[in-house]
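Please look at the structure shown here before reading the notes on it. The briefing takes the core, the aromatic pair, a helix packing and a loop in turn.

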Amino acid sequence: MDLLPIGQFARLSRLSVKQLRHYADLGLLPPAHVDDDTGYRYYHPSQARQAMSIGLLRSLDVPLAVIAQVLSGTAGALGQVRDDLDSELRRRRRTLAALEKVMADGLPSAQVRMVEESPAWSR
């Protein structure tokens, strides 16, 4: 068995030991083996792909529930992640453009026209 202790697997997968334990508790990335006597967790090198995928998706702020769908191969899950990120990027670009305009031109001014009206009860 070519199993790696959790610390070594953490370095390989670029996740912390704490993250690996959390993902194992959630069922996203269970260890390949847990020693009955010590409770030490061991991972198989082939699990590194899944671990790195989780790390990359988390770096994009993808929620863990969505990551579970992506990892399980739910049809369209990764495409939905891409679409959501594209939408968020467009929203942020609009916000940045608005900020650039305010910084360059100041606050937008609106033309105000005062109109005097008689009260509704006197009509």
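The points below are grouped by topic and refer to a predicted model.

**Nonpolar core**

- The largest nonpolar core is made up of 20 residues.
- Phe9, Leu20, Leu29 and Tyr43 are the residues with the most contacts inside this core.
- At least two residues of the core come from each of α1 (6-13), α2 (17-26), α3, α4 (64-72) and α5 (77-105).
- The helix that gives the most to the core is α3, with 4 residues.
- Leu20 is in contact with Ile6, Phe9, Ala10, Ser13, Leu15, Leu29 and Tyr43, leaving aside its neighbours within four places in sequence.
- As a general matter, nonpolar side chains in soluble globular proteins tend to be buried together.

**Aromatic pair**

- The structure holds 1 aromatic pair.
- Its members are Phe9 and Tyr43, with ring centres 4.5 Å apart and planes at 5°; the pair counts as stacked because planes under 30 degrees apart meet that criterion.
- Phe9 belongs to helix α1 and Tyr43 to strand β3, so the pair ties together parts that are 34 residues apart in sequence.
- Phe9 has a relative accessibility of 0% and therefore counts as buried.
- Tyr43 also counts as buried, because its relative accessibility is 0%.

**Packing of α1 and α2**

- Two packed helices are described by the angle between their axes and the distance between the axes.
- For α1 and α2, the axes come within 9 Å and cross at roughly 100°.
- The two helices α1 and α2 are therefore roughly perpendicular to each other, since angles of 65 to 115 degrees are classed that way.
- On the α1 side, the contact is made by Ile6, Gly7, Phe9, Ala10 and Ser13.
- On the α2 side, Val17, Leu20 and Arg21 make the contact.

**Loop between β3 and α3**

- Pro45 is located in the loop between β3 and α3.
- With a relative accessibility of 34%, Pro45 counts as partly exposed, because that class lies between the 20% limit for buried and the 50% limit for exposed.
- Pro45 and Phe9 are 36 residues apart along the chain, while their C-alpha atoms are separated by 7.5 Å.
- Asp2 and Leu4 are in contact with Pro45, leaving aside the neighbours of Pro45 within four places in sequence.
- Gln47 is also found in this loop, which runs between β3 (41-43) and α3 (48-59).
- Gln47 has a relative accessibility of 14% and so counts as buried.
- The backbone oxygen of Pro30 is reached by the side chain of Gln47 at 2.8 Å.
- Not counting residues up to four places away in sequence, Gln47 touches Phe9, Leu29, Pro30, Pro31 and Ala32.

**Ala48 in α3**

- Ala48 lies in helix α3.
- Ala48 counts as buried because its relative accessibility is 10%.
- The C-alpha atoms of Ala48 and Phe9 are 7.6 Å apart in space, and the two residues are 39 apart in sequence.
- Phe9 and Leu12 are in contact with Ala48, once the neighbours of Ala48 within four places in sequence are left aside.

Note on methods: Residues numbered from 1 in each chain as written. Predicted model: local features only at pLDDT ≥ 70, side-chain atom pairs only at ≥ 80, totals over all residues. Heavy atoms only, no water. Buried < 20%, exposed > 50% of the residue type's maximum accessible area, 1.4 Å probe, protein only. Polar contact = N/O pair within 3.5 Å; in protein donor to acceptor, adjacent residues only side chain to side chain. Contact = heavy atoms within 4.5 Å. Core = buried A, V, L, I, M, F, W, Y, C linked by side-chain atoms within 4.5 Å. Phe/Tyr/Trp six-rings, centres within 6.5 Å; stacked < 30°, edge-to-face > 60°. Axes fitted to C-alpha atoms, helices over the stretch in contact; angles between N-to-C directions. Parallel < 35°, antiparallel > 145°, perpendicular 65-115°, else oblique.
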